[in-house]
Structures are given as structure tokens and as C-alpha cells.
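Colleague: I'm new to this one. Walk me through it, please.

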Amino acid sequence: STQSTGTLINPSIFPCTSFCSLSQMANWWDVKKRSGNYAVGMDILNYDIGNLVTQGKTIMNAGADYFHFDVQDGHYGPLISVGSPVVEGVRRHFPDKTIICHMLVKEPERFIEQFKEAGCDCFLFQLETVDDEQAKELITKIKESGMKAGVALTQDCDVSRLEELVKLVDLVHISCGDPCHDDVPFNPEMLEKVAAVRKMHKRVLIEIEGNITADDVQTSVKKGANLLVSGYKGDKPDKEFLAMRQTINKIRMGL
């Protein structure tokens, strides 16, 4: 099996003495200053799976911090996308990068063990696939496996469902586009959900996804997001990730 690392951020970018875990990152969140740790994730499905290692190195060198997988089963998610073997391959080539798996699947509990073994660090399940009691049980099972636990909300999911769950999870994912279709543009109205979740819980990590570019970073961070997943597919994606990193660094320095 391949061990997950729990690491998320590069010590050359953030002020720590070693690679830092998701929980450590959450503890650094400065509520009053709205500053602290922000990270940029590479959306795997927007890139060439056959050339993933080369593209991954280019994007990580440009400023991305972690990998984000959208795993679809052909039932909840309309496509059959990447599975645990691809996660395992990425873990083998990038042992020090965090891997977050967004499980767009029915019966997500069936996949906990295989993705843990593949090297997943944080297992996100869609809140719409379970009721509230099932969600609590699933969060417990994910944490018992050794992974971080997260819940994901689509644009139609009522954020009030998180009121009892937000204190139990490590991460909340909010889709500002459509994780199943990469041609859906970024929807800034979804940032109001980010603000609502941040109001519920000051230290939970909030990840957003949906064709995010450097132009969206400032507003997203102000609303409370600190993990930004980008699947930029322009001519020079490494330059877009570098621009996102530069914007984040300016925010951290209060510029």
C-alpha cells in the first residue's frame, strides 16, 4: 500500500519548519486578520492523464501546493473518471504533496479503504449522498482510517445542513462551478456560501473549485476560502498558477 502524507504546504512558501498537516494549517487561520494559510490545488481532471507526471511537476513548480481529484462513478457523477490506481501513481511520483479526493460517488463509504491505501490524505464526500446521521457515521469512519474528512456542497445544496457537521470535519468543499463538467464558468455568487460557512466555523478549512483564476483569488479569500482549486486550461497554465501564487503571497503580506 501507499501511505498518505497529510502534508499540504511547501515550507519555502509558508513559515514553518517542516511540511504541515491540514490540521496544523487550520490552526494557523487568523480569524481577526482574515489571513494565515492559503493553498492552490491542481485539478487533475483538467489535464492530460497520460502526461500527468510531467504536467504535475510543471504546475507544482509554478506555485500549486496539492492535487485535487474529482472521482466520479458514472452514477452520482455522470462520468467514470480516475480511480484509486491513478491516485496511487501520483502519490508514488509526488510523495510530499497532499492529495485531496473529491468523491462524486454513491455510497462513498465503499471507497474509504481503497483510497486510503492509494495515498489519499483527505476524503471528501458529497453531502447530498447521505442523510445527516449517515454523514456523521461516515466522517467517523474516514477519520478512523487515518485520513482527514471533508464534506462537499454543490450549488443547490443548502448550507444550513452543515450546522451540525461543520465542527466534525476538517474541510468543507464548495463548488463554484460544476466539478463534473470543466466548461462551466466560475460562479462568484457561490462565495456567499463560503462566507456563511466561515461564519459558522472560524477555523475549518474551506476549499473552492470551479475554473478559478488569479482574478478570483482576492475576492474568494476575503469571503473566507483558503484552499483554491484551479483547472486552468489556457495556453500557459503554469503562468496562471504562478499568478495565483503571487496574489496569495501579497494577501499574506497584507499588500
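Modeller: Let's start with a pair of helices: α2 and α8 cross in a right-handed sense (the near helix is turned clockwise from the far one by less than a right angle). Helices here are DSSP runs of H or I, at least four residues, and strands are runs of E, at least two, numbered from the N terminus. This is a predicted model, where local features need pLDDT of at least 70 and side-chain atom pairs 80 or more, while totals for chains, interfaces and linings use all residues. Residues are numbered from 1 along each chain, and side-chain values use heavy atoms, without hydrogens or water.

Colleague: At what angle do α2 and α8 pack?

Modeller: About 30 degrees, with the axes 8 Å apart. So α2 and α8 are roughly parallel (under 35 degrees).

Colleague: Which residues of α2 and α8 meet?

Modeller: From α2, Thr-58, Ile-59 and Ala-62. From α8, Pro-237, Asp-238, Phe-241, Leu-242 and Arg-245. Contact means heavy atoms within 4.5 Å. By class, the residues of this contact are five nonpolar, one polar and two charged.

Colleague: And which residues of α2 are buried?

Modeller: Leu-52, Gly-56, Ile-59, Met-60 and Ala-62. Buried means under 20% relative accessible area; exposed is over 50%, and partly exposed is in between (1.4 Å probe, protein chains only). These residues span an arc of only 155 degrees around the axis, so they sit on the same side of α2.

Colleague: What covers the buried residues of α2?

Modeller: The cover includes strands β3 and β4 and helices α3 and α8. Just after α2, Gly-63 has a positive phi of about 145 degrees.

Colleague: New topic. Which residue has a positive phi although it is not a glycine?

Modeller: Glu-107, at about 50 degrees. Most residues other than glycine have a negative phi. Glu-107 sits in the loop between β5 and α4. Its relative accessibility is 46%, so Glu-107 is partly exposed.

Colleague: Is Asp-73 buried or exposed?

Modeller: Buried, at 16% relative accessible area. Asp-73 lies in the loop between β4 and α3.

Key. The arc is that of the directions from the helix axis to the C-beta atoms. Axes are lines fitted to C-alpha atoms, for helices over the stretch in contact, and angles run from 0 to 180 degrees between N-to-C directions. Angles under 35 degrees count as roughly parallel, over 145 as roughly antiparallel, 65 to 115 as roughly perpendicular and the rest as oblique. Ala, Val, Leu, Ile, Met, Phe, Trp, Tyr, Cys and Pro count as nonpolar, Asp, Glu, Lys and Arg as charged, and the others, Gly among them, as polar.
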